[in-house]
Amino acid sequence: MQDFDLSGTKLCADGFFSTLRHRRNVLTAVGCAVLLAACGGSDDSSTPVASQPATATLAVLETTDLHFNVRSYDYFKLAEDKSYGFERTATLIRQARKEFANTLLVDNGDTIQGTALADYEAEIKPIACTQQLSMYKAMGALSFDAGTLGNHEFNYGLPFLNQVLGGGLDVEGVNASQKCVGNGYPAVLANVYSSKTKKPLVQPYAVLERTMVAKGGDGKEVKLPIKIGVIGFTTPGIMNWDKRYLEGKVYTEGAVEAASKYVPELRAKGADVVVALLHGGLDGSAYSASMENPGLYLSKVAGIDAMVMGHQHSVFPDLSAKPAFSQSGVDNKAGTINGVPAVMANSWGKALGVIQLPLQWDGKKWSVAKTGSKSELRNIQNKDAAGSAVFVDADPAIAPLIETQHQAAISYVKTPIGSTDFRMSTLFADVGDPGAIQIVNQAQQAYVGNYIKANLPQYASLPVLSVSAPFKSGFQGGKDFTDVATGPLAIYNAADLYLYPNTVYAVKVNGADIKSWLEAAAKRFNQIDVNKTAEQPLISSFPGYNFDMFTTADVQYEIDVTQHVGSRIKNLNYLGKPIDTAQEFVIATNNYRATSGASFIPKLDGSSTIWASPDANRDVVIEYVRKNPQITRAINGAAKSWRFTKVTTAGPVVFSSGTGALSVAQAAGLSGVTVLMADDGTGKDTSKYQLDLSK
């Protein structure tokens, strides 16, 4: 076991915890005593350690999946969006610190990637070692106590991760001795190891020494020392998703296995309370070490007192009529997972997770009370008495911290690259409009085809096709759609067309695989009963970013939504003839699908990859537009590979999309779409549309 310095500092002024960088020098016993006295800790004669029982509440505050949304600003639309942003979460954090005497502020990962500003600081004009990431600089204003790493922390490679964490990653290809500004708080991660050292890539856990403001048996305030253990876990999927950066350099183990190893160590080192930071969520499937969302099983590991979750961009606890999670062991009302208090605070800074942990002091040590905990989400967007949206004010201290970089990113994304004669949108991609997807497929297909001709002659005789999906398809509400206006095209438009920093991969499959792939993608739709007279929602909970589709005249097929999953793809043709199930094809896709798409077809486990390119899909789209700057509907946005099988239904088939958008459907030739309700009642700025499947 690697010998890590896992100590922090005690509670100082202003009601919140300050922390020491985990790679800095170990405090000597004398230095620690001086520090604790200076902070008003238990060594101060005015705050003696109580030998009598006492009680206190520790409020664990969670941010998760911030994805570099420092500001409430959409770099794709070049406009403010008050519905998200850390600058508003910061206000909630400050409010919570005024409410609770004892707080622990943690971040649950997927922090450093997700916006144009993130890409700008990582790839366009990489920050210097002496410069702190804008996201971390903003977080520094709130003095986070600890955090873990999400899968997207690895998107820019290990050298960059090493730099932004301050140095010290002892792994092949990285300068472990590099000392940089860093993130400003201890990063903990227990289930990712360096292949070079066979030790954790970063410290698996931290023991934070704090002072609790408690109430003694006589009702008087007393200050008592506490040791809080914080341990982190990420999804093992990183080994597939960022294989090009991680293969042979790091390896993972399951969250349960790592917790079973390190939680006892935390307890042995005196941790009174253990908080698990899981960059993962909840999945009712049987446990495996490669499980992406193992929260149900991690919660059962002895010694974990509270758990913060993420990765799924969802919420827990969820008190709605149809909660996001309802597996056995999940109690939304109590806010517990198998009895362990837990939260999942949405994404992009939309909410602050708060767990109130009741603690009991027996005169010697702390323990967590078995009952009385409270888990909740505090949202930055709420409704007033009239039902209108109201937003938490932005913390005025945040924006000035990153203003220079913010403006630089805006200038970058405004760089012109072409023009379009039609509105490129995913507003109606679910019902057949290829307007914002075809350009992505064209760019990927050309890129892979050219590479094969030049470098892979063994595949030169195979047809090259491409699939992509509507990455922004309304999950976050009416503004969560790709929507590029007619006129000039700039880099920010290309970033809107392809949201993620994925890289282009090419896989070899056959005609039968293509049909199975499309059958899996068709899970996007609910099964429609033609005899039902009541409304039937068309769209299922299957994510839009998994709705892979072709957009070429070469491939034609129907989706019959009246059929069961797995039996929906009809009349699949290639070049006007039924597809040959044995014919081989090369499909251009992305690294995520090519390496972790086994739920689509078994071959999408990495084994069928014939080329893993180093270039981002987004950059490939940008270069394609630069080479073909005049984008037109006729050439780049009208190729409908698929349509719904025509059926007549007794009742309406409905779906939601952005408000006031019917003209987009009409311009795309979707004559069967009509508006049922201008406001669908969800509060997400969406309208209810009807689809006539007989047209």
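Student: Which residues does V301 touch, not counting residues up to four places away in sequence?
Tutor: This is a predicted model, in which local features need pLDDT of at least 70, side-chain atom pairs count only at pLDDT 80 or more, and totals for chains, interfaces and linings use all residues. Residues are numbered from 1 along each chain as its sequence is written, and side-chain values use heavy atoms, with hydrogens and water left out. Contact means heavy atoms within 4.5 Å. Leaving aside residues up to four places away in sequence, V301 touches V256, A259 and S260.

Student: Is V301 buried or exposed?
Tutor: V301 is placed in the loop between α9 (295-298) and β11 (306-309); helices (H or I, at least four residues) and strands (E, at least two) are DSSP runs, numbered from the N terminus. Buried means under 20% relative accessible area, exposed over 50%, and partly exposed in between (1.4 Å probe, protein chains only). Because its relative accessible area is 11%, V301 is buried.

Student: Which residues touch the most other members of the largest nonpolar core?
Tutor: A nonpolar core is a set of buried Ala, Val, Leu, Ile, Met, Phe, Trp, Tyr and Cys residues joined through side-chain atoms within 4.5 Å. The largest one has 59 residues, and those touching the most other members are F86, F154 and L158.

Student: What is the volume of the largest cavity?
Tutor: A cavity is a set of points on a 1 Å grid over the protein atoms alone where a 1.4 Å probe fits but cannot get out, and its lining residues have an atom within 4 Å of a point. Grid points are joined across faces, edges and corners, and a volume is the space filled by probe spheres set on the points. The search of the whole structure finds five cavities of 30 Å³ or more. The largest cavity has a volume of about 150 Å³.

Student: Which element gives the most to the lining of the largest cavity?
Tutor: Of the 13 lining residues, those closest to the centre of this cavity are D119, E123, Y412, R618 and D619. Two or more residues come from each of α3 (116-124), α10 (399-413), α12 (491-497) and α15 (617-627). With four residues, the element that gives the most is α3.

Student: What residue forms a salt bridge with D496?
Tutor: A salt bridge is a side-chain nitrogen of Lys or Arg within 4 Å of a carboxyl oxygen of Asp or Glu. In this pair the closest N and O atoms are 2.8 Å apart. D496 lies in helix α12, and its partner, 24 residues apart from it, in the loop between β23 (464-466) and β24 (483-484). Both residues are buried, and the partner of D496 is K472.

Notes. 1 Å grid on protein atoms, 1.4 Å probe; cavity = no way out; pocket = protein on both sides within 12 Å on 5 of 7 lines; lining within 4 Å.
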